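Here are my notes on this one, jotted down while going through the model.

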Amino acid sequence: MSQFAELTLEGKTYQLPVLEGTEGEKAIDINKLRDLTGYITLDSGYKNTGATKSAITFLDGELGILHYRGYPIEELAEKSTFLEVAYLLIYGDLPNKEEFFDFENNIKRRTMVNEDIHKIYDGFPVNAHPMGVMSALASALAVFYPGSISAHPKKDYDVVDLQIKRLLAKMPTLAAWAYKNSQGHPVNYPKNKYSYIENFLYMMFAVPAEDYEQVPEVVDALDKLLILHADHEQNCSTSTVRLVGSSHVSLYSAVSAGISSLWGPLHGGANQEVIEMLERIKDDGGNVDKYVAKAKDKNDDFRLMGFGHRVYKNFDPRAKIIKKACDNVLSKLGVHDPMLDIAKKLEEAALTDDYFVERKLYPNVDFYSGIIYRALGIPTNMFTVMFALGRLPGWIAQWKEMREEDQPIGRPRQIYTGAVNRAYVPMEQR
Ligand code: ACO
């Protein structure tokens, strides 16, 4: 491979360094481009822009490959647990027994949240969307632990490590409480005899003075879903976490920004939108073809939610695993969900339609996840919160890598297209 790319501008030729990643991905390094030429590059939506080098997650959109720290997602989903994957993403390697025991215990010891944070819930309206509540409360953590703003993951290792464990420990509590609050029900305090996933389910669903019975199939399915969502390289919310974190604000604030970014219907919010779309199709008589036609109609704003992906142009490996898990969970729990029939019909119709084939639009991770969440009893407005709980280790790992490498503050440029040098006219003369 050539070490340089040549660029000719206004009769002058420049050599720009070429880089290659460990999986063969190639890039032209334009770090010095503006200094050398006076030009910048323009790439709306960053479709061709590498914002960073990273050793965390590799994905190949054409081949449908996803690896966390070199391990294929299929293997991790089958053999690992969410907390083990969290450790892998954040610290770089799979933990041995002692390391895992220590990690898990440290998290278990921090699942309680300050009672003053509990009071913040009272300030939200009863039907507040839990994603808004989660973002606000993640941000509130920065205020409750103010000494930790600006901490550096290498220079202040213990401080940052505590922030990481606090976040992993407290987010499920904050999420379950957001749900309980939206129901007007009393919250359940964490019970640390439970595993990470069991504890979340307990806080979500236990009713006062009744035993709470854990269902292994439910625990396993949720664990798998969180693993599948744990990281996805430089997506919208992760880039947000890196960008916000690059100003050296605290990890809590950067994660809060990530949650807000994830909420959008074009990103994590799609899992809620998928179920709402399937319900709409069902209530409208189940006419799948009508909705496929609407999605293709450029005069109609309707899109098939859960279809298409910025990077995957062949298939989304996570969607494959989820579809199989969906069938398993539904049959193990003995649930028949008419939404699944509609989803399968919709997938079949879209995958054989030229519009979707030509544009390489396939079901993404969110297409079937909502159906599993429904079967597990998770309410629709909590779907994106589940995604956020899953993505948390990825955000943490990416933030940590960015800060450890002392990356500069993110500050894109622009091509200005507005008015030029206008003279001010006093209001009475306009
Ligand atoms: N339904 C109908 N048409 C679609 C869809 C869809 N879901 N997705 C893309 N298209 C069409 C576009 O209209 C466009 O058509 P054109 O070339 O004729 O103008 C073409 O396919 C390319 O689409 P873009 O929006 O340019 O693709 P982009 O990479 O910018 O967007 C995105 C990707 C946002 C995921 C898009 O496919 C979409 O909106 N999907 C639905 C929302 C969704 O499921 N989001 C979750 C993504 S996964 C995640 O974040 C976890």
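1. First, keep in mind that this is a predicted model. In it, a polar side-chain atom of Tyr355 sits 2.9 Å from a nitrogen atom of the ligand. Asn364 also puts a polar side-chain atom 2.9 Å from the ligand, this time from an oxygen atom. Then there's Lys298, with a side-chain N or O atom 3.0 Å from an oxygen atom of the ligand. How much of the ligand does the protein bury? On its own the ligand would expose 920 Å², and the protein buries 77% of that.

2. Now the shell around the ligand. It comes to 22 residues, and Arg303, Leu304, Gly306, Phe307 and Arg310 are the closest. By class, the shell has 11 nonpolar, five polar and six charged residues.

3. Next, the second largest pocket, with a volume of about 580 Å³. Its lining runs to 26 residues, and the ones closest to the centre are Ala77, Glu78, Asp220, Ala221 and Lys224. Sorted by class, the lining has 12 nonpolar, four polar and 10 charged residues.

4. Which helices supply at least two residues each to the lining of that second largest pocket? They are α2 (73-79), α3 (82-91), α4 (97-108), α8 (196-205), α9 (216-228) and α14 (317-333).

5. Rolling a probe the size of a water molecule over the atoms shows where empty space is left. Searching the whole structure turns up four cavities of 30 Å³ or more. The largest cavity holds about 90 Å³. It has 16 lining residues, with Lys108, Thr111, Ser195, Tyr196 and Asn199 nearest its centre.

6. Who lines the largest cavity? α4, α7 (157-183) and α8 each give at least two residues, and α8 gives the most, with four. Nine of the lining residues are nonpolar, four are polar and three are charged. Note that α4 and α8 also turn up in the lining of the second largest pocket.

7. Over to the strands. β1 (residues 4-9) and β2 (residues 12-20) pair antiparallel over six bridges, and Leu7 stands opposite Tyr14 in β2. The two strands make a hairpin with two residues between them. In the turn, Glu10 has a positive phi of about 50°.

8. There's also an open sheet of three strands, in the order β4-β5-β6 and with antiparallel pairing.

9. Leu59 stands opposite Leu66 in β5, while Thr57 has Tyr68 as its bridge partner. β4 and β5 form a hairpin with four residues between them, and Gly64 in the turn has a positive phi of about 70°. When you look at side chains here, remember that in a regular strand they alternate between the two faces of the sheet.

Technical notes
Residues numbered from 1 in each chain as written. Predicted model: local features only at pLDDT ≥ 70, side-chain atom pairs only at ≥ 80, totals over all residues. Heavy atoms only, no water. Near = heavy atom within 4 Å. Polar contact = N/O pair within 3.5 Å; in protein donor to acceptor, adjacent residues only side chain to side chain. Areas by Shrake-Rupley, 256 points an atom, 1.4 Å probe, with all protein chains shown as cover. Nonpolar A, V, L, I, M, F, W, Y, C, P; charged D, E, K, R; others polar. 1 Å grid on protein atoms, 1.4 Å probe; cavity = no way out; pocket = protein on both sides within 12 Å on 5 of 7 lines; lining within 4 Å. Points joined across faces, edges and corners; volume = space filled by probe spheres on them. Pairing = 2+ DSSP bridges.
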